[in-house]
Amino acid sequence: MNNQRVLLLEAQLDKDPASARSQKEFMRILGTTYAHRNITVVARDVHTKEDLKFFLGWARKDPAYTLIHFVGHGSKSRRSTNLHLTRDTINLKYESGRKLFRGLDDRYLLFSCCDIGKDKNMLDTLRRSSGAAGVFAYAVAVYDYQSFLIDAMLYHLLFGNIPYAEEKRTPKFIKTALDAAIHELHLYQKGRGHGRNVLGASVC
């Protein structure tokens, strides 16, 4: 499928608003390598819950937005699975947080945020309630360089020329291929498993 868009929503990554720390320009430039497939990365800043609601409304109305990519901070505790925007925090463990993502049928959601992917029950519930084809989120604390590389691999599996028939580009295939690449390239060495549990996911 051509003429697809990525909606990349980035929170402020450092306390200092003048900090140059950002992922959106890297992903925007990466998106230009898929110009032959008419892929466009649209990047916007999200500081508040209202910002998030507004931009998700774009994606909800335009099916060309295949991937919704969130870049920011996350945290997981017994009572909360939090997506941290610049000024607001959204608890995805509760329906009040997950309902923001309703109506994103057949899209992919990627949370480039630490620890959110530890909550597999939340990922499954979010996928079902949003209608998404797949939800991906880091289950560990990752450095920027790790998330840049892993996110880039996900983009390639979604949009690049891969040596498989297009009908095999399924959510389950993407998850399996991504896990294998993380493991084989040793992109995450901490703890046991060497990458097998780096990325949490719920796919249909």
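On a 1 Å grid over the protein atoms alone, a cavity is a set of points where a 1.4 Å probe fits but cannot get out, and lining residues have an atom within 4 Å of a point. Grid points are joined across faces, edges and corners, and a volume is the space filled by probe spheres set on the points. The structure is a predicted model, in which local features need pLDDT of at least 70 and side-chain atom pairs count only at pLDDT 80 or more, whereas totals for chains, interfaces and linings use all residues. Residues are numbered from 1 along each chain as its sequence is written, and side-chain values use heavy atoms, with hydrogens and water left out.

One cavity of 30 Å³ or more was found in a search of the whole structure. The volume of the largest cavity is about 30 Å³, and its lining consists of Leu9, Glu10, Ala11, Val46, Phe70, Val71, Gly72, Leu83, His84 and Leu85. Strands β1 (4-10), β3 (65-71) and β5 (81-84) each contribute at least two residues to this lining; strands (E, at least two residues) and helices (H or I, at least four) are DSSP runs, numbered from the N terminus. The lining of the largest cavity divides into seven nonpolar, two polar and one charged residues, where Ala, Val, Leu, Ile, Met, Phe, Trp, Tyr, Cys and Pro count as nonpolar, Asp, Glu, Lys and Arg as charged, and the others, Gly among them, as polar.

A pocket is an open set of grid points with protein on both sides within 12 Å along at least five of seven lines. The second largest pocket holds about 160 Å³ of space. It is lined by 13 residues, of which Glu10, Gln12, Leu13, Ser19 and Arg21 are the closest to its centre. Six charged, four polar and three nonpolar residues make up the lining of this pocket.

Leucine 9 and arginine 44 are 35 residues apart in sequence, yet their C-alpha atoms are 5.1 Å apart in space. Arginine 44 belongs to strand β2 (residues 39-45) and is partly exposed, at 33% relative accessible area; buried means under 20%, exposed over 50% and partly exposed in between (1.4 Å probe, protein chains only). Beyond its neighbours within four places in sequence, arginine 44 is in contact (heavy atoms within 4.5 Å) with Leu8, Leu9, Glu10, Phe55 and Trp58.

A nonpolar core is a set of buried Ala, Val, Leu, Ile, Met, Phe, Trp, Tyr and Cys residues joined through side-chain atoms within 4.5 Å. The largest such core contains 34 residues, of which Leu67, Phe136, Tyr155, Phe159, Ile174 and Ile182 touch the most other members. Helix α5 (residues 144-159) supplies the largest share of this core, eight residues. Another core, of 28 residues, lies apart from it and includes Leu52, Phe55, Leu56 and Leu109.

No disulfides were found (cysteine sulfur pairs within 2.5 Å). Cysteine 113 is in no disulfide, and the nearest cysteine sulfur, that of cysteine 114, is 7.9 Å away. Cysteine 113 is buried, with a relative accessible area of 1%, while cysteine 204 is partly exposed, at 47%.

Aspartate 106, in the loop between α3 (95-98) and β7 (108-112), has a positive phi near 65° and is exposed, at 60% relative accessibility. Aspartate 115, in the loop between β7 and α4 (120-130), has a positive phi near 75° but is buried, at 17% relative accessibility.
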